Amino acid sequence: MHSAISSAEDRMKKSLENLKDGFSSLRTGRASASLFDKIRVDYYGKKSPLTQVAKISIPEARLIVIQPWDKGLIGEIEKAIRSSELSLNPANDGKVIRINIPPLTEQRRKELAKVARNQAEQSRVAVRNIRRDGNDELKKLLKDGDLTEDEESKASGELQKLTDSYIAKINQILEEKDTEIMEE
């Protein structure tokens, strides 16, 4: 495989990972530990990921229990969750933090689905831009005499197949997220 194509594929993979990462922090009506992936807690003057200072468990579909390794952190964790964009209301009993995930309203589900569609569209645009960059690189190689017209044409076709496959993956991930958001 040509280096222009493998470079494009690496960039497309990153685009797909960014989309998955963005989707993991979109709140659905279901409890999920990945909601807290981006939350940082002040731990002895250093911002640490919540997952490194506490155990997060999901005992029920709409309940999250966070058990800090260090009980002294319970207030910091609660503060970090309240100040996040998740709009969650943690309750702390001195040992653990419980968070009930309220069911989403129809309006909120539609808003989240729209956000997910926008993120997916941004990923599709990124993949198409990567294809364009790859084609530009192939044309430059052709012009410089490093590729024949047949090789350039074949590589361009491979790049298009790669683009189509990544767009299909993006659409699949979006469909799954959309289903997850819309179910009650």
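Reader: Which residue in strand 4 stands opposite glutamate 60?

Author: Strands here are DSSP runs of E with at least two residues, helices are runs of H or I with at least four, and both are numbered from the N terminus. Two strands pair if DSSP finds at least two bridges between them. In this case, glutamate 60 stands opposite leucine 63 in strand 4. The model is a predicted one, in which local features need pLDDT of at least 70, side-chain atom pairs count only at pLDDT 80 or more, and totals for chains, interfaces and linings use all residues. Residues are numbered from 1 along each chain as its sequence is written, and side-chain values use heavy atoms, leaving out hydrogens and water.

Reader: How many bridges join strand 3 to strand 4, and do the two run parallel or antiparallel?

Author: Strand 3 (residues 54-60) and strand 4 run antiparallel and are joined by five bridges. Isoleucine 56 stands opposite isoleucine 66 of strand 4. The two strands form a hairpin, with two residues between them.

Reader: What is the order of the strands in the open sheet?

Author: In a regular strand, side chains alternate between the two faces of the sheet. Here the open sheet has four strands in the order 3-4-6-5, with antiparallel pairing. Strand 3 and strand 5 (91-92) are the edge strands, each pairing on one side only. Strand 4 also pairs with strand 6 (residues 97-100), in the antiparallel sense and over four bridges; within that pairing, isoleucine 64 has isoleucine 99 of strand 6 as its bridge partner. Strand 4 (residues 63-68) is mostly covered, with five of its six residues buried (under 20% relative accessible area; exposed means over 50%, partly exposed in between, with a 1.4 Å probe and protein chains only).

Reader: Is serine 48 buried or exposed?

Author: Serine 48 belongs to strand 2 (residues 46-49). Its relative accessibility is 6%, so serine 48 counts as buried. Apart from neighbours within four places in sequence, serine 48 is in contact (heavy atoms within 4.5 Å) with Ile39, Arg40, Val41, Tyr43 and Val53.

Reader: What is the phi of tyrosine 44?

Author: Most residues other than glycine have a negative phi. Tyrosine 44 has a positive value, near 50°. This residue sits in the loop between strand 1 and strand 2, and tyrosine 44 is exposed, with a relative accessible area of 69%.

Reader: At what angle do helix 4 and helix 5 pack?

Author: Two packed helices are described by the angle between their axes and the distance between the axes. Helix 4 (residues 106-143) and helix 5 (residues 149-182) pack at about 170°, with axes 10 Å apart. Axes are lines fitted to C-alpha atoms, for helices over the stretch in contact, and angles run from 0 to 180 degrees between N-to-C directions. The two helices are therefore roughly antiparallel (over 145 degrees; under 35 is roughly parallel, 65 to 115 roughly perpendicular, the rest oblique). Their contact has 15 nonpolar residues (Ala, Val, Leu, Ile, Met, Phe, Trp, Tyr, Cys and Pro), 12 charged (Asp, Glu, Lys and Arg) and seven polar (the others, Gly among them).
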